[in-house]
Amino acid sequence: MNRTDKEVLTTAERNLLTPYLLKLTPEGLKDLQTNSRPFIHQLPINETKIIDLDVDRYHLIFSHQKSTCQALDVVLRLRSTPSTFQSTSFKFHIPPSDGNFHLSVTPPVGQLTFRNPALELQFKLEFSDTIPILVNCVVVMELQGGYRHYFVVKSRLKPSQKPMPLIPHAIGNDTIFEGCSFRVPKPLIRLRNMLVYSNGFVAPGIFRQTGVSWEVQSLNTHLSHGTYYSCLDPHVIATCIKMHLRSEDSPFLRIPKPVLMGTKSSADSYKDLLLSFPQSSPDLEFILWVLDLMVCVVMNQAENGMNIRSIAIAIAPNVFEIVDQQQLATSLPIMVAFLGKLVAHRQTLVQRA
């Protein structure tokens, strides 16, 4: 809490901090952020080297109302301005939303100056007109030369309302690379957005390392109950994605065996894949979305250590059917090789675009 914007907050620290903040009362959240920085109040204004703010509230509760966009105001005021600073800037980090709601802050970036030390922010939360959802997330504001400030955003349902769970087979549109929009199950869209927000694509061993089991169970429970949950552990999110890819009706199982077992080049294997499904087939769109997800991982292999073979080994058992240990030994290498060729050619196409 008493680190400035120049000090890094690690993923592990964010994972511990976020659930704790979500459990605090409005008074507790404000007291924590006011009283955890006592040393700044003990210095005369002209000796203060760190910029700090007075914030009238950190805890924002919205009531779910269909087809409406609600707004709540928050007032910021510079508590003290070091003599070496004439102005300071700020920016907000907002968790990714999905088709069920949209959260925004106005202005998302801005400046506070010695002459104009106060600013009124407006948090807006817009709900889908059909699906009630419980929003439960943390919005972070970084103040240049000062502290981070943490706002908790929650939604409250009417007594007659119940949160709508994410239906596993409900379909939405998702775009990983510009110009490539595919229809995939909404839980996967939400999980991918969470992976982006948690910087998961650069996490070492992403999709290879397994998330903590109780955290994976907790995230899946929140998804199934219709609660938006700000999970920041990329390995937990990636594990949930793999779990959602597993299905007895996986589109990958409908790839013809001659195509899967072929020994053609990457480009020819990819062409055979496209010819195996009707144009604009939902099955093909799902497969291409998974390939784009894998390409994102490979494009960050300098940070995450996951090359084409690594991600193919991590994903193949989740999209192809592995019945027993014998099949694991004989068929998995073929599936990994085929998946690797598809990813390699898909990456080439993405980089050309």
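Ile 189 lies in helix α4, which runs over residues 186–197, in what is a predicted model. With a relative accessibility of 9%, Ile 189 counts as buried, because the limit for that class is under 20%. Leaving aside neighbours within four places in sequence, Ile 189 is in contact with Gly 172, Asn 173, Asp 174 and Val 184. Ile 171, for its part, is 18 residues away from Ile 189 in sequence, and the C-alpha atoms of the two are 9.2 Å apart in space.

Asp 174, one of the residues that Ile 189 touches, also takes part in a salt bridge with Arg 192, in which nitrogen and oxygen are 2.6 Å apart. Arg 192 belongs to helix α4 and Asp 174 to strand β10 (residues 171–177), so the pair ties together parts of the chain that are 18 residues apart in sequence. Both partners, Arg 192 and Asp 174, are buried.

**Salt bridges**

| Salt bridge | N to O distance |
|---|---|
| Arg 254 and Asp 283 | 2.7 Å |
| Asp 292 and Arg 346 | 2.6 Å |

In the salt bridge between Arg 254 and Asp 283, the closest N and O atoms are 2.7 Å apart. Arg 254 sits in the loop between α6 (234–245) and α7 (257–261), while Asp 283 sits in helix α9 (residues 282–298), so this pair ties together parts that are 29 residues apart in sequence. Arg 254 is partly exposed, with a relative accessible area of 33%, because that value falls between the limits of 20% and 50%.

**Helix α6**

The 12 residues of α6 should span 16 Å at 1.5 Å a residue, and the end C-alpha atoms of the helix are 16 Å apart, which agrees with that expectation. Of these 12 residues, 10 are buried, so α6 is largely enclosed by the rest of the structure. The buried residues of α6 are Pro 234, His 235, Val 236, Ile 237, Ala 238, Thr 239, Cys 240, Ile 241, Lys 242 and Leu 245. At the N-terminal end, α6 is capped by Asp 233, a side-chain oxygen of which lies 3.0 Å from the backbone nitrogen of His 235.

**Aromatic rings**

A search of the whole structure finds seven aromatic pairs. In one of these, the rings of Phe 90 and Phe 92 have their centres 6.0 Å apart and their planes at 85°, so the pair is edge-to-face. Phe 90 is buried, with a relative accessible area of 3%, and Phe 92 is likewise buried, with a relative accessible area of 10%. The rings of Phe 92 and Phe 123 have their centres 5.9 Å apart and their planes at 90°, so this pair is edge-to-face as well. Phe 92 lies in strand β4 (residues 87–93) and Phe 123 in strand β7 (residues 118–127), and their pair links distant parts of the chain, 31 residues apart. Phe 123 counts as buried, at 0% relative accessibility. Ring pairs link Phe 90, Phe 92 and Phe 123, together with Tyr 58 and Phe 151, into a cluster.

Phe 90 is also one of the residues touched by Glu 142, which, not counting residues up to four places away in sequence, is in contact with Ser 89, Phe 90, Lys 91, His 93 and Arg 148. Glu 142 has its place in strand β8 (residues 134–143), and the side chain of Glu 142 makes a polar contact of 3.5 Å with the side chain of Arg 148.

**The chain as a whole**

The chain has 13 helices and 12 strands, and buried residues make up 48% of its 353 residues. Among contacts between residues at least 6 apart in sequence, 70% join residues that are at least 24 apart. The chain exposes about 17300 Å², of which carbon and sulfur atoms supply 54%.

Conventions
Residues are numbered from 1 along each chain as its sequence is written. This is a predicted model: local features need pLDDT of at least 70, side-chain atom pairs count only at pLDDT 80 or more; totals for chains, interfaces and linings use all residues. Side-chain values use heavy atoms; hydrogens and water are left out. Helices (H or I, at least four residues) and strands (E, at least two) are DSSP runs, numbered from the N terminus. Buried means under 20% relative accessible area, exposed over 50%, partly exposed in between (1.4 Å probe, protein chains only). Contact means heavy atoms within 4.5 Å. Accessible areas come from the Shrake-Rupley method with a 1.4 Å probe; for residues, only the protein chains shown count as cover. A polar contact is a pair of N or O atoms within 3.5 Å; within protein, one must be able to donate a hydrogen and the other to accept it, and residues adjacent in sequence count only if both atoms are side-chain atoms. A salt bridge is a side-chain nitrogen of Lys or Arg within 4 Å of a carboxyl oxygen of Asp or Glu. The expected span of a helix is 1.5 Å times one less than its number of residues. Rings of Phe, Tyr and Trp (its six-membered ring) pair if their centres lie within 6.5 Å; planes under 30 degrees apart count as stacked, over 60 as edge-to-face and the rest as tilted.
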